[in-house]
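Subject: Structure handover

Hello,

Here is the structure I promised you. Please open it beside this email and follow along.

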Amino acid sequence: MSPPRAIHDQIAHAAAERAEGAVRIPHDGRDTGTLRLAPGLADASFHQRDDSAAQTAVRTAAAAFGRAVRHPSPDALAHLDALWAETGAVTIADALIERIRGEALAPEAAANVARSLARRSPHPSSVKLAIVLLGYYGTADDLPLLSLLARWPELTLFATVAAAKLAPDPHRAVYAIARGWGGWGRVQEIRRLWGAIDPDIRDWLLRDGHRKMMADEIAAECAEIGGLFEALARPTLDEPMLDSLTGLIGNLVHPDSGIGYFEEPGGAQAVADYLRHLSASPLTVLRRFLTVDAMRQALHAEQRNPAPPVGWTDADLRSLAAAAADYLARPHWRSVAEGLSVSEDPSDFWQACRVGAACGLDVWLWRYERLIDGRGEDWLELMQTDDPARVERLLDVARARFDLTAIGSAPGLEKSFAPHVAQDDALATLVQELDRFPGTGWDLVRIALFGRLMRARYMALRTLERWGADRWPADAVEALLEARAREPDAELAARIDEVLGRSGR
């Protein structure tokens with residue numbers, strides 16, 4: 001059997017096939033340690049007596065590193081790698097690194113060992129520790145290595161922190177890594193850009209920093225570091241920037257509770273500036289409608305509060321809500337939504353439905369057409385109707401399309417959302433929404449009661465309970481008793497007992 005391939009080489013191979021962003025690699029899953037760098041973690045975990053098992057592991061791991069630095073050899077490096085991987089050294093990283101830093105080690109020699117482990121080890125925990133040690137002993141010449149290792153999500157945080165320690169300009173180093181990232185990797189990197197004044201970084205945060213996944217996690221950071229209020233105060237904005245800011249602002253306001261990020265001095269002027277830029281633009285972008293509609297709702301929510309936000313006046317809230325309403329009342333929005341209702345792009349169609357509904361269009365028919373021809377599966381959205389005839393049309397589609405025999409074949413312990421139970425999930429969604437239509441679709445509710453998916457059974461019970469026992473079908477109690485006898489989950493069985501008990505039958 002060939003030896004496991006170095007993590008570095010796996011990342012390099014994957015990166016050669018993908019220009020930017022996260023890469024996936026095959027790696028030895030036996031190493032599951034994680035480096036804990038959160039503030040205060042060392043205090044919580046490692047302030048123990050020196051003869052504890054943890055401190056013994058720290059001494060052993062640090063001694064192995066010291067030997068590899070003072071007496072470098074392939075055998076010493078292999079021993080260090082195996083020890084760190086076997087002991088899960090990353091779980092004691094804080095204490096280990098403090099001990100290593102207390103050793104009188106030659107920085108260049110220590111960097112060479114860390115560099116070698118980072119390039120050669122097949123064990124994620126060893127590579128993580130090597131990266132952290134490079135942050136202490138390495139040089140700016142190690143930045144390309146760290147940038148490459150950062151491409152694998154398991155190492156992104158460690159490589160970013162180390163790069164920031166070594167770079168002449170820490171913010172530029174983090175920025176260089178963050179530009180190619182989405183998801184949690186980008187979240188972690190952007191949170192290390194606080195204090196950045198570089199115009200390129202600030203511009204990127206407003207234009208693109210918030211756009212690759214997890215936008216709600218980093219919207220406020222992008223706005224604050226990027227200088228959102230300053231950008232909005234400019235006389236003009238180019239259309240791409242205006243669209244980017246629209247996406248950012250959409251994650252900063254809360255339609256149900258308030259104006260969110262803008263609840264501070266200068267916020268009212270920033271909202272006014274945003275509406276000014278939109279009003280001056282000739283473009284009709286549905287995303288802009290949705291953001292302004294959210295802002296309008298947020299402004300109305302603020303008006304219901306006892307007092308306006310700090311730096312705002314009641315007149316600000318009224319005038320800006322009116323300006324938002326004027327923008328939304330423009331007649332072209334209906335035609336734009338209707339035009340995009342035939343788009344094959346799911347995002348365009350979703351926005352068309354949202355805008356169309358806000359403009360009073362009957363978007364239910366758009367969704368139903370896509371359901372019938374197989375281009376959509378918007379069961380939940382389609383069930384948001386008060387029309388019993390439309391509900392019956394949906395139930396008929398489900399009866400014809402779903403394998404109801406298989407769905408109700410045997411109660412299982414699977415919960416939800418796996419691809420092979422997509423029909424089960426869809427049925428659970430339908431049954432969930434039938435709680436507003438007592439007696440309707442009892443045949444489907446009964447099948448869900450015996451469904452192989454736990455979520456389906458929960459929804460069937462919930463719907464029966466909300467119908468009320470006085471409106472149950474004649475065979476509902478018999479079905480519940482049978483479901484109780486077949487139920488494999490103790491918690492769900494107890495739930496059936498509760499429903500039966502409250503029914504008085």
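A search of the whole structure finds 0 disulfides. A disulfide is a covalent bond between the sulfur atoms of two cysteines. Here the term needs a pair of cysteine sulfur atoms within 2.5 Å. The sulfur of cysteine 353 has its closest cysteine sulfur in cysteine 359, 12 Å away, which is too far for a bond. Cysteine 353 is buried, at 2% relative accessible area. Cysteine 359 is buried too, at 18%. The scale runs like this: buried is under 20% relative accessible area, exposed is over 50%, and partly exposed is in between (1.4 Å probe, protein chains only).

Some ground rules. This is a predicted model, in which local features need pLDDT of at least 70 and side-chain atom pairs count only at pLDDT 80 or more, while totals for chains, interfaces and linings use all residues. Residues are numbered from 1 along each chain as its sequence is written, and side-chain values use heavy atoms, with hydrogens and water left out.

Now the rings. The structure holds 9 aromatic pairs. Rings of Phe, Tyr and Trp (its six-membered ring) pair if their centres lie within 6.5 Å; planes under 30 degrees apart are stacked, over 60 edge-to-face, and the rest tilted. Which kind of pair do tyrosine 175 and tryptophan 204 make? Their centres are 5.5 Å apart and their planes are at 65°, so the pair is edge-to-face. This pair links distant parts of the chain, 29 residues apart: tyrosine 175 is in helix α10 (residues 170–178) and tryptophan 204 is in helix α12 (residues 199–209). Helices are DSSP runs (H or I, at least four residues), as are strands (E, at least two), and they are numbered from the N terminus. Both tyrosine 175 and tryptophan 204 are buried. Elsewhere, Phe229, Tyr261 and Phe262 form one aromatic cluster.

The test is NZ of Lys or CZ of Arg within 6 Å of the ring centre and within 35 degrees of the ring normal. Arginine 393 lies over the face of tyrosine 368, at 4.4 Å from the ring centre.

Next, the second largest pocket. Its volume is about 270 Å³. Of the 13 lining residues, the closest to the centre are Arg211, Asp243, Thr246, Gly247 and Arg287. Two elements give two or more residues to this lining: α15 (239–250) and α20 (346–358). The most come from α15, with 4 residues. By class, the lining has 3 nonpolar, 7 polar and 3 charged residues. Nonpolar covers Ala, Val, Leu, Ile, Met, Phe, Trp, Tyr, Cys and Pro; charged covers Asp, Glu, Lys and Arg; the others, Gly among them, are polar. A pocket is an open set of points on a 1 Å grid over the protein atoms alone, where a 1.4 Å probe fits, with protein on both sides within 12 Å along at least five of seven lines; lining residues have an atom within 4 Å of a point. Points join across faces, edges and corners, and the volume is the space filled by probe spheres set on them.

Last, leucine 290. This residue is in helix α17 (residues 286–303). Leucine 290 is buried, at 6% relative accessible area.

Best wishes
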